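Grab a pencil and have a go at these exercises. Try each task yourself before you read its solution.

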Amino acid sequence: MRNFVLFRKIYIALGLILLTILVGIGGYMIIEHFRFFDAFYMTIITVGTVGFGEVHPLSDAGRLFTAFLIITSFGTFANAIFTISRAFSDGEIIQYFKDLRLNSAIDKLENHVIICGYGRNGKEAAHVLKNHNQRFVVIEEKQPVVESMSARYKELILIGDATNDEVLVRAGIHKAKALITTLPLDADNVFIVLSARALNSKLTIISRASADNSDRKLKTAGADNVIMPDKIGGAHMASLVMKPDVIEFLDFITGQGGDNIKLEEITFDNLSPSYKHKTIRELEIRNKSGANIVGFKTAAGDYIINPSPDTAMIPHAKLFVLGTVEQILKLKKLFSEQSTN
């Protein structure tokens, strides 16, 4: 809408200049019976006030028309220069091209994550996603916040209200794989979840909640997971008192303690045809990559710790694998090679 108003002003200013030139050409052709080219040339040197001589001697009516054209064109050109220079000085033209570049970058994204709000939780989510090379788009309404993050994420910032469906569409919600909403008001998060679920039924939605009864409302609205930062933070602190080494180890393997250890999930769809429907023993993940299978999610959604070697990878099942970055990369490369053979 802002861009429409900006270019509407510029188009009107340029249109008035064109209209002035056409009036000048028509006036000279009608009053002085000039040829089109002579009328055009006379109009240009008149509105341009360059001081050249007349193409042909003018009648009194022609001179009166010339005076009218000079006065009119002066106001028209002054208005056009003011409008265009103001657009540049206010940064509207620059912002337009930034928006154009942003929209182009978002159009190229697929399976990205949308983060609504760049507060403490949104900032941490963006940091983790960036460390895992996951592309994402941040929607933030507050200009000072946007300016503070521009240097880090460049083209990934969309200025707007995340509760607006048009903004979600601009963020590429139809091609996104997940949405994280971290706004401080639970009502806003509920609204975003409802809109996001309606726009993309396959989207994974994770929402923040503050009030105790908001988690149920958010899940009813369509959120897959609801996180309550205050509760999690307090529980984490208490757990560090009761069993500090265990919690620190879990933090370490989930990416908070270092970048060399990765806990990765492998879905049935990620497996090449030669690995599908095989048992854990037949996959030989440990022997081929050095990574360890630490968990399994059944097709029914149940979790199994240290699954049996006879457990088979069937549709909708997942394996959880722990290993170093090199081991995980080797495992993914192995699956990729098998897929291309």
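Contact here means heavy atoms within 4.5 Å. Axes are lines fitted to C-alpha atoms, for helices over the stretch in contact, with angles from 0 to 180 degrees between N-to-C directions. Helices (H or I, at least four residues) and strands (E, at least two) are DSSP runs, numbered from the N terminus. The model is predicted: local features need pLDDT of at least 70, side-chain atom pairs count only at pLDDT 80 or more, and totals for chains, interfaces and linings use all residues. Residues are numbered from 1 along each chain as its sequence is written, and side-chain values use heavy atoms, leaving out hydrogens and water.

**Exercise 1.** Work out in which order the strands form the sheet.

*Solution.* Start with pairing: two strands pair if DSSP finds at least two bridges between them. That gives an open, parallel sheet of 6 strands, ordered β3-β2-β1-β4-β5-β6. Next, check the ends: β3 (157-159) and β6 (225-227) each pair on one side only, so they are the edge strands. Then zoom in on β1 (residues 113-116) and β4 (residues 178-181), joined by 4 bridges; Ile114 has Leu179 as its bridge partner in β4.

**Exercise 2.** Find which strands helix α8 lies across.

*Solution.* Follow residues 186-199: this helix lies across β1, β4 and β5. Now compare directions: α8 runs at about 175 degrees to β5.

**Exercise 3.** Which residues touch the most other members of the largest nonpolar core?

*Solution.* A nonpolar core is a set of buried (under 20% relative accessible area, 1.4 Å probe, protein chains only) Ala, Val, Leu, Ile, Met, Phe, Trp, Tyr and Cys residues joined through side-chain atoms within 4.5 Å. Among its 27 residues, the answer is Ile114, Cys116, Ile139 and Leu179. Helix α8 gives the most, 3 residues.

Terms used
Buried means under 20% relative accessible area, exposed over 50%, partly exposed in between (1.4 Å probe, protein chains only).
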